[in-house]
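Please look over the sequence and the model, then read the notes below.

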Amino acid sequence: MSEPALPGGVERREIDGERRLATRGEPVYGEPTADGWRAWDPERSKLGGMLELGLETGLSGGETVLYLGAASGTTVSHVADFAGPTYAVEFAPRPARDLLNAAASRDRLFPLLKDARKPERYAHVVEADVDAIVQDVATRGQAEVAVRNARFLADDGRLLLAIKARSEDVTAEPDAVFEGALDRLREAYEVLETRRLDRYHEDHLGVVATPK
């Protein structure tokens, strides 16, 4: 069975002596580069891990993306390298400053210092019918955040979600946490695929979903 195709603008390139996922752009987090390509480290990126593990993300390149939990820009900078307009929501001021630096060389990356739990506060900025929501929010209620932001997603769009079990409940078994989150998610989404990301991110579940 062949691997799902990578999005346009994402390739496997020879960097530092090994074949690595890469995008074209200015480096952001000290990642190695070669010939204008920057390595995409799956151990520092949930979406990078999902691509490495072969999840069917539905991304093809050029999409309009809403990224929830952009932090300092590690992953969203790669997304903006291959996607279209990319709205990056981050609430914490310190990583948001790094995010602004990542955006300086990327005219398609739009940082928003907002709380992903309160989408009404950026609804006037983010386009309707975005092609993809990418979510990596390390807070309790991760599925709830995805449900609240479903308003922005096109009918045939994709939610690409990384659920961190320890952010929900440090004492519960991860599988129980994941099931509870998926139950809430299914109220607004059809879940297309799930996969544990433990090869790169312990106690995380990768989820691909589309609006109901």
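How many of the 8 residues of E11 are buried? The number is 8 of the 8, so E11 is largely enclosed by the rest of the structure. Buried means under 20% relative accessible area, exposed over 50%, and partly exposed in between, with a 1.4 Å probe and protein chains only. Helices (H or I, at least four residues) and strands (E, at least two) are DSSP runs, numbered from the N terminus.

The model is predicted: local features need pLDDT of at least 70, side-chain atom pairs count only at pLDDT 80 or more, and totals for chains, interfaces and linings use all residues. Residues are numbered from 1 along each chain as its sequence is written, and side-chain values use heavy atoms, with hydrogens and water left out.

**The sheet of seven strands**

- An open sheet with mixed pairing is formed by 7 strands in the order E7-E6-E5-E8-E9-E11-E10; two strands pair if DSSP finds at least two bridges between them.
- E7 and E10 stand at the edges with a single partner strand each, so one side of each has no neighbour in the sheet.
- On average, neighbouring strands of this sheet are turned by 15° against each other, direction ignored.
- Strands of a sheet pair through backbone hydrogen bonds, either parallel or antiparallel.

**Strand E11 and its partners**

- E10 and E11 run antiparallel and are joined by 7 bridges.
- Across this pair, Thr 194 stands opposite Val 207 in E11, and Glu 193 stands opposite Val 208 in E11.
- E9 and E11 also pair in the antiparallel sense, over 6 bridges.
- Leu 160 has Val 208 in E11 as its bridge partner.
- In a regular strand the side chains alternate between the two faces of the sheet.
- In E11, His 204, Gly 206, Val 208 and Thr 210 point one way, while Leu 205, Val 207, Ala 209 and Pro 211 point the other way, and all are buried.

- Helix H6 (residues 174-185) has 12 residues and reaches 16 Å from its first C-alpha to its last, close to the 16 Å expected at 1.5 Å a residue; the expected span is 1.5 Å times one less than the number of residues.
- The buried residues in H6 are Pro 174, Val 177, Phe 178, Ala 181, Leu 182 and Leu 185.
- Seen down the axis of H6, these buried residues fall within an arc of 130°, so they line one face of the helix; the arc is that of the directions from the helix axis to the C-beta atoms.
- The cover over the buried residues of H6 includes helix H4 (142-148), strand E9 (153-164), helix H5 (165-168), strand E10 (189-196) and strand E11 (204-211).
- H6 lies across E9, E10 and E11 and runs at about 160° to E10; axes are lines fitted to C-alpha atoms, for helices over the stretch in contact (heavy atoms within 4.5 Å), and angles run from 0 to 180 degrees between N-to-C directions.
- Helix H3 (residues 93-103) lies across strand E6 (86-89) and E7, running at about 165° to E7.

**The sheet of four strands**

- A second open sheet has 4 strands in the order E1-E2-E4-E3, with antiparallel pairing.
- Its edge strands are E1 (11-15) and E3 (33-34), each of which pairs on one side only.
- E1 and E2 (residues 18-24) pair in the antiparallel sense over 5 bridges, and Glu 18 in E2 is the bridge partner of Ile 15.
- H2 lies across E2 and E4, running at about 150° to E4.

**Two buried polar residues**

- Arg 38 lies in strand E4 (residues 37-39) and counts as buried, at 0% relative accessibility.
- The side chain of Arg 38 makes polar contacts with the side chain of Glu 31 at 2.6 Å and with the side chain of Ser 77 at 2.9 Å.
- A polar contact is a pair of N or O atoms within 3.5 Å; within protein, one must be able to donate a hydrogen and the other to accept it, and residues adjacent in sequence count only if both atoms are side-chain atoms.
- Asn 149, in the loop between H4 and E9, is buried, with a relative accessible area of 0%.
- Leaving aside neighbours within four places in sequence, the residues in contact with Asn 149 include Leu 66, Tyr 122 and Tyr 189.

- Ala 71, in the loop between strand E5 (65-68) and helix H2 (74-82), has a positive phi of about 50° although it is not a glycine.
- Ala 71 is partly exposed, with a relative accessible area of 33%.
- Asp 129 has a positive phi of about 60° and is exposed, with a relative accessible area of 52%.
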